[in-house]
Amino acid sequence: MVDGSDSQSQSPSVPPAIEVHDLTVAYGTQPALWDVDVDVPAEKLCAIIGPNGAGKSTLIKAMLGLVKPLTGWVQIFGAPFAKRRSWVGYVPQRSSVDWDFPTTALDVVTMGLYGRLGWLRRPRRRHREEALACLDKVGIADLAGRQIRQLSGGQQQRVFLARALAQDARIYLMDEPFAGVDAATERAVMELLGTLRDQGKTVVAVHHDLQTVPRYFEHVTLLNMRLVAAGPVETTFTEKNLQQAYGGRLTALTRAADALLANPPLDRE
Amino acid sequence: MEWLASPTFRTVLLGATLLGAVSGVIGCFALLRRQSLLGDALAHAALPGVCVAFIVTGAKHPLSLLVGAGAAGLCGALFVMLVVRGSRIKEDSALGIVLSVFFGLGVVLLTRIQKMPAGNQSGLDQFLFGQAATLLEGDVIVFSVVGVAVLVVIALLYKELKLLCFDRAFGAILGFPMRGLEVLLTVLLVVVVVIGLSTVGVVLMVASLITPAAAARQWTDRLSRMLLLSALFGAISAAVGVVASASVSKLPTGPSIVIVSSALLLVSVLAAPRRGVLWAALRARRTAHRVRAENLLKDVYRWCERRGDFETFVPLTIVMGMRGEPGRRLYRTRDRLVRRGLLLVDGDQLKLTRQGRREAARMVRRHRLWEVYLVRRLELPADHVHRDAEAMEHALTDELVEELGALLGHPEVDPHGQPIPPREPLTEPTK
């Protein structure tokens, strides 16, 4: 089932960052994920792809303990999420919050520090400075005082990224970090993710743009309620697997992916 | 008017003001969580509790009435939760059901009590619209203690409650018990509603929760300031309302408070900077002025350009004909441009100053570059692009225009063959 995951050997000293074992999740009577097993390798850029309703976001949410699985479990570096909270940073979908909320960009980023602050303690100047440094890393320190509705879509996404950076995690889980952002933000985000990986962090992102998968990611998980395949992009991001994940519905897309694989698109811009 | 100075009245006033502040604060959270109606449902749900407490104890003990109201309110909240979880009924319908069922029951019980021997004197109907004047000093002390306790809890858990309202899932990931915080917030809401009932009344309680919060939201983009402002608005409304209802006989307190807070809300919706209606209208007017000024400059420029002569004066009637603008409006636009030193006037004729010409060239450049862009990149026919460019020229920034120019390889003519003014401001050849 896990196509080609052994074709690119990983150093055996690095255990999987996330281990998903026999995971089944349902919303009411509506199944979302069936018997999914995935090992997400550490220190890699990993994509989760699949058609709409394939359970991509659900998989991320299950990794974060936000949805309760019917069966199966998830472990982060060998322990349940509850024991690894401080190791995991999260970038939710942009549409998941009310952007009219009376708060500033800096304020939202500071929320990334709440976990470390714990109960009752208020963020102090040193925490706000730390949050500002995170905003600077995503290139919008100058917008710190803006109410968040007055930011563009790309800037809002950067605020969420900065908040995850403030969590100072080892694994970053991101739900569609490239959805509805401008080209400049996409480049900036990708650069940032590369930096994180070079620092030994693991990045897992739900991704919807098949064209950029080979360019942006090293590891890919293909979902369609069940696991279709997971492994290094070179061996797993194949026409056969894509067809299986997307069914016959998106033949144009699978052909596009095919064409891309034939001509490695590294210098397209 | 000596009642104003009486210690009893001052106690009541103080208590009501504090209550107003507290409900303003808790109302902010309800508003931001989009649970404005929950307060309404809880207030109505509390009424049968008050009645049952009276029937059981046979007297109007403040504490027992409070306990009854609180218990019924919590029942209502629980009921809403069960209905939402256990059925396909949505939350707004569940709130409506709870509100009407509990309130209906309360009114039936109230009628019963009126017919009881001790009922006539019970004064329980004050709970419908509130009557601060009937408060006893003991009530006020109890209310104040509870109100301050609510404020202290909110101050302590400010960070956690903010997280709950803004991004619940993120809070859960950080390890904060979001469900617990949610229950706590609902309990606080019930407590505030219950102690607010006797001043504001069942029917209008929701207004004292939501109105100050909605007004405060208009003025600030920070949660902390919104809470403070809302508390202030709530306190002012309550104080003014209580004084008003005490000075006019038989005027119930609730409606007076609500009238004051609604007035505050009205002013806020109209006048607040950025979010206010007047502010938006003012901005729209300013934009309209700018657009008209830019158009007039451009029209004069184009006429001169066609004649190849920027030095002669242009009759205003010609410019008037170009756009069919009403004359009076055109005069006003002209006068504004004269004041800015962009136009010279000689009787009914116009001429661009050097600065005006530079400004006009900037607009024409935007317009024509955008036309080139539309024709080349979007492959629109040349006769389709003018109207679009007419709108875009007022929106484009200089930075964007230069990016556009570079993208298109710095074209020199537009799709209609007219020259695109160069980037640098026109410099007059030195004679």
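## Domains of chain B

The C-alpha centres of domain 1 and domain 2 of chain B lie 58 Å apart. Domain 1 covers 2-270 and domain 2 covers 279-352; the bounds come from an automatic or database domain assignment.

This is a predicted model, in which local features need pLDDT of at least 70 and side-chain atom pairs count only at pLDDT 80 or more, while totals for chains, interfaces and linings use all residues. Residues are numbered from 1 along each chain as its sequence is written, chains are lettered from A and ligands numbered from 1 in the order in which they are written, and side-chain values use heavy atoms, with hydrogens and water left out.

## Helices of chain B

Helices (H or I, at least four residues) and strands (E, at least two) are DSSP runs, numbered from the N terminus. The expected span of a helix is 1.5 Å times one less than its number of residues. Helix α1 of chain B, residues 7-32, has 26 residues and reaches 38 Å between its first and last C-alpha, close to the expected 38 Å. Just after α1(B), B:Arg34 has a positive phi of about 55 degrees. Helix α2 of chain B, residues 36-57, has 22 residues and reaches 33 Å, close to the 32 Å expected. Of these 22 residues, 16 are buried, so α2(B) is largely enclosed by the rest of the structure. Buried means under 20% relative accessible area, exposed over 50%, and partly exposed in between, with a 1.4 Å probe and protein chains only. Just after α2(B), B:Gly58 takes a positive phi of about 70 degrees.

Helix α12 of chain B, residues 253-271, has 19 residues; its end C-alpha atoms are 27 Å apart, in agreement with the 27 Å it should span. Its buried residues include B:Thr253, B:Gly254, B:Ile257 and B:Val260. The buried residues of α12(B) pack against α5 (126-129), α9 (178-200), α10 (205-219) and α11 (223-247) of chain B. Contact means heavy atoms within 4.5 Å.

## Chain A overall

Chain A has 11 helices and 9 strands. Buried residues make up 51% of its 269 residues. Among contacts in chain A between residues at least 6 apart in sequence, 69% join residues at least 24 apart. Chain A exposes about 12,100 Å², and carbon and sulfur atoms supply 48% of that area. Accessible areas come from the Shrake-Rupley method with a 1.4 Å probe; for residues, only the protein chains shown count as cover.

## Strands of chain A

Strands β8 (residues 219-224) and β9 of chain A pair in the antiparallel sense over 6 bridges; two strands pair if DSSP finds at least two bridges between them. A:Thr221 stands opposite A:Ala230 in β9(A). The two strands form a hairpin with 1 residue between them, and A:Met225 in the turn has a positive phi of about 65 degrees.

A:Asp22 is found in strand β1 of chain A, residues 18-27. A:Asp22 is partly exposed, with a relative accessible area of 30%. A:Asp22 touches A:Asp35, A:Val36, A:Asp37, A:Thr71 and A:Gly72, not counting residues up to four places away in sequence.

## Nonpolar cores

A nonpolar core is a set of buried Ala, Val, Leu, Ile, Met, Phe, Trp, Tyr and Cys residues joined through side-chain atoms within 4.5 Å. The largest has 172 residues, and A:Ile49 and A:Leu135 are among those with the most contacts inside it. A second, separate core of 20 residues includes B:Val300, B:Tyr301, B:Cys304 and B:Leu343.
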